[in-house]
Each structure stands twice: as C-alpha cells, then as structure tokens.
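This report describes the sheet, the helices against it and the nonpolar cores.

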Amino acid sequence: MIYTGSCFQLWDTTSISLTAGCDLFMRYVTRTSALEYEDFNSAKSRLIERAEKFGEISCKARRIIAMLSQDFIFDGCTILVHGFSRVVLEVLKTAAQSKKLFRVFCTEGRPDRTGLRLSNELAKLDVPVKLLIDSAVAYTMDEVDMVFVGADGVVESGGIINMMGTYQIALVAHSMNKPVYVAAESYKFARLYPLDQKDMGPALRPIDFGVPIPAKVEVETSAWDYTPPQYLTLLFTDLGVLTPSVVSDELIQLYL
C-alpha cells in the first residue's frame, strides 16, 4: 500500500526513527508534480517506483556509514558501545573484515540486555569483546579510545535520542576527552528540538529487577534519553561525516 507510512506509525507511535522515516518516505514518494495531472495508474506506478528507490537508498545507508567510519578505527584501539545498533554492528563488522585489530567493550544494556546480544554477534566475528555492567562505564573509560553508539533519532540541535544510558556515557567520555561517535541513517533525522530530558514523548518499557518491588516504590521506566550536541564528536551518516552543528542544515535539505 502507498500509505504504508501511516500504518507503520500506528504500529509504534513512540519510535522516533520510525516516525521520522515514515515522514521522509511520504515526502519522497509524493515529490513529483506529475501526480497532479497524470491518470491514476500512471500516478500509482510513479509512486511505487519512487518507493522502491527510497527503499534501495535506505538499504545502502548502513554500508555507506560503515565505509565512512573506517578511517577512525585504528589497530589496537578499544571501542565502547552501548545497546544493539545494526549500523554500529555493520561498522564493527566491516572493520573486522578489513583485518583491523581492535577490541570492544559492550555495556550490558539493561533491562533488555541489548549489549549481550551485540557481544554475541561480535564473538561470532572473532572480535575480542568484554561485557560490562552498565554502572562500570566510568570505571573502564580510561581503557577506551572511542565510544560508538547508534541513535533512535537525530534531532535539530545535533543531539541524539537513544537508549537510556547514552547520555551518561557521553558525559563520562567528554570529561575524559574520549571521542563519542554516532552512526545513524539519515532517515532517523527528526524535526524535534528537545530542551531537556523530560521534553520528549514517553517511551516506556517493563523492567524486571528479579525480585519483588514494594508497591510504594516508584520505578523509572523511560526507554531513552537525550544527549546534547556538545557531548558528541561526529555523526557518521549516509549523507557524509557531520559535526553536530550542521545537522540542522541537513534536516532542512531533507524536508524541502
């Protein structure tokens, strides 16, 4: 269906990347003046053609990002990653296939243990990997050469919205002069401008502590946090390697 974007948004309205991707998809497939005067079948064919082109561009995005990031990964380096990001995995997979020698620290990624999933994938590639509990980031940061994270959304300020814990990792890395790199496809660029951590729509997830929690104890269940641009070094995207300060310009071009 041509209105797939709307259907996807009904599936998960809290996903920033999904909402942004659907917005860009709808703009891309309808960006043709021919739709104003062609017959229905011709218009339908044009929309399908543009939709397939959009999908082709999106599929190539991870590969482009992986190639752009390789100059920043050097032999002997230690990379800290947080959560499971398919584009970050592609970056590390490409580096491993290029015979680069590096090791990876994966945070556990509670409560859904996404870091455990990523560490399993890296182990299959014979990449040396160490799994950390989330609270061990500051303890191990002096061993780290760089941080690589994905993003659920890249916002107009040049900051990112990502899995809970990304902000505190960026704060620790910044305080210890470690670069923080973001790998994100351009369809995750969102027209949002959060001013603080609470200035976002709720995205909640169940948390299992493994023991009963007293009824009077409140549990924070937010799924993501906002990392301001001053704590990010570079963003690797299919549009190129960007500094956070130029993200707003790229957003304007994407949504024209």
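## Helices on the sheet

Contact here means heavy atoms within 4.5 Å. By that criterion, in this predicted model, helix H7 (residues 166-175) lies across E1, E2, strand E4 (146-149) and strand E7 (180-183). The direction of H7 is at about 160° to E4.

Helix H5 (residues 114-124) lies across strand E1 (77-81), E2 and E3. H5 runs at about 160° to E2.

## The sheet

The open sheet has seven strands with mixed pairing, in the order E3-E2-E1-E4-E7-E9-E10. Strand E3 (129-132) and strand E10 (240-242) are at the edges; each has a single partner strand, so one side of each lacks a neighbour in the sheet. On average, neighbouring strands are turned by 25° against each other, direction ignored.

E2 (residues 102-107) and E3 run parallel and are joined by four bridges. Val104 is opposite Val129 in E3.

## Nonpolar cores

The largest nonpolar core contains 25 residues. Ile73, Ile79, Val81, Phe102 and Phe148 have the most contacts inside it. At least two residues of this core come from each of helix H3 (40-69), E1, helix H4 (86-97), E2, H5, E4, E7 and strand E9 (234-237). H4 supplies the largest share, seven residues.

Leaving aside residues up to four places away in sequence, Val81 touches Val88, Leu92, Val104, Phe105, Cys106, Thr107, Leu118 and Phe148. Another core, of 22 residues, lies apart from the largest one; its members include Leu132, Val149, Val154 and Ala184.

Definitions and conventions. Residues are numbered from 1 along each chain as its sequence is written. This is a predicted model: local features need pLDDT of at least 70, side-chain atom pairs count only at pLDDT 80 or more; totals for chains, interfaces and linings use all residues. Side-chain values use heavy atoms; hydrogens and water are left out. Two strands pair if DSSP finds at least two bridges between them. Axes are lines fitted to C-alpha atoms, for helices over the stretch in contact, and angles run from 0 to 180 degrees between N-to-C directions. A nonpolar core is a set of buried Ala, Val, Leu, Ile, Met, Phe, Trp, Tyr and Cys residues joined through side-chain atoms within 4.5 Å. Buried means under 20% relative accessible area, exposed over 50%, partly exposed in between (1.4 Å probe, protein chains only).
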